[in-house]
Amino acid sequence: MKITQRVVLAALLGVTLAAGAAVLKTDPAKTSVSAVFKQMNVPVESKFTKYRVTIDYNAQAIDTSKATVEVDTASLDMGDPEYNREVAKKEWFNSAQFPKATFVSSSIKSAGAGKLTIAGKLSIKGKTADVAFPVTVKTEGGKQVFDGALPIKRLAFNIGEGEWQDTGMVADEVTIKFHVVTQ
């Protein structure tokens with residue numbers, strides 16, 4: 001094989017390998033991260049308005065994929081400026097001391113066609129826990145779409161201190177939902 005053929009072959013192989021694993025750019029207009037909980041036994045869903053989602057996804061070698069999510073805790077939009085200020089206070093997210101909640105994957109595994117199981121570390125308000133949750137992945141219009149829900153106990157992360165530890169007003173169970181669309 002001639003040297004130029006080897007160079008071209010090596011270049012093509014490099015492009016093919018690089019195309020298999022790439023950090024996907026998310027579409028902020030179509031991506032969302034929210035918290036679902038019960039307040040006085042009524043379901044409430046509030047969206048975070050500031051977050052960063054990074055997905056390094058390889059459909060041909062899923063176990064090499066990675067994901068990180070960083071959420072601004074003060075950006076939870078409860079639908080009322082007064083409530084928004086309240087959840088940023090020390091008793092709830094303590095956003096002044098803990099401005100970010102993070103998730104960093106340690107493994108992503110196939111769970112069947114269009115399904116993944118993601119495991120990793122979730123850190124909120126200075127507390128870190130190992131978590132695992134299911135995610136669906138599909139292609140729509142040439143874009144990857146990831147949907148998932150992670151159930152947590154808010155009190156395990158000290159979200160709701162003092163009088164707010166009472167789960168009669170705000171339930172301990174919270175589901176972090178996300179819908180991530182790539183560009």
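What does the protein average in pLDDT, and what share of the residues score at least 70? The protein averages a pLDDT (the predictor's confidence in each residue, from 0 to 100) of 90, and 89% of the residues score at least 70. This is a predicted model, in which local features need pLDDT of at least 70 and side-chain atom pairs count only at pLDDT 80 or more, while totals for chains, interfaces and linings use all residues. Residues are numbered from 1 along each chain as its sequence is written, and side-chain values use heavy atoms, with hydrogens and water left out.

**Confidence and overall fold**

Over residues 1-20, pLDDT stays under 50. For this stretch the model has 4 contacts (heavy atoms within 4.5 Å) beyond four places in sequence. The protein contains 2 helices and 11 strands; helices (H or I, at least four residues) and strands (E, at least two) are DSSP runs, numbered from the N terminus. Along the sequence, their order is α-β-β-β-β-β-β-α-β-β-β-β-β. Among contacts between residues at least 6 apart in sequence, 56% join residues at least 24 apart. Of the 183 residues in the protein, 33% are buried; buried means under 20% relative accessible area, exposed over 50%, and partly exposed in between (1.4 Å probe, protein chains only).

**The largest pocket**

The largest pocket holds about 830 Å³ of space. A pocket is an open set of points on a 1 Å grid over the protein atoms alone, where a 1.4 Å probe fits, with protein on both sides within 12 Å along at least five of seven lines; lining residues have an atom within 4 Å of a point. The volume is the space filled by probe spheres set on the points, which are joined across faces, edges and corners. This pocket is lined by 46 residues, of which A35, F48, L76, F93 and V174 are the closest to its centre. The lining comprises 36 nonpolar, 4 polar and 6 charged residues. Here Ala, Val, Leu, Ile, Met, Phe, Trp, Tyr, Cys and Pro count as nonpolar, Asp, Glu, Lys and Arg as charged, and the others, Gly among them, as polar.

**Salt bridges**

Side chains of opposite charge can pair when their charged atoms come close. The whole structure has 8 salt bridges, each defined as a side-chain nitrogen of Lys or Arg within 4 Å of a carboxyl oxygen of Asp or Glu. Three of them are listed below, with the relative accessible area of each partner.

| K89 and E86 | 3.2 Å | K89, 43%, partly exposed | E86, 27%, partly exposed |

Because K153 lies in strand β10 (residues 143-153) and E173 in strand β11 (residues 170-181), their pair ties together parts that are 20 residues apart in sequence.

**Backbone angles**

Most residues other than glycine have a negative phi. N94, although not a glycine, has a positive phi of about 50°. This residue lies in the loop between α2 (81-88) and β7 (100-110) and is buried, with a relative accessible area of 10%. N158 also has a positive phi, near 60°. N158 is placed in the loop between β10 and β11 and is partly exposed, at 30% relative accessible area.
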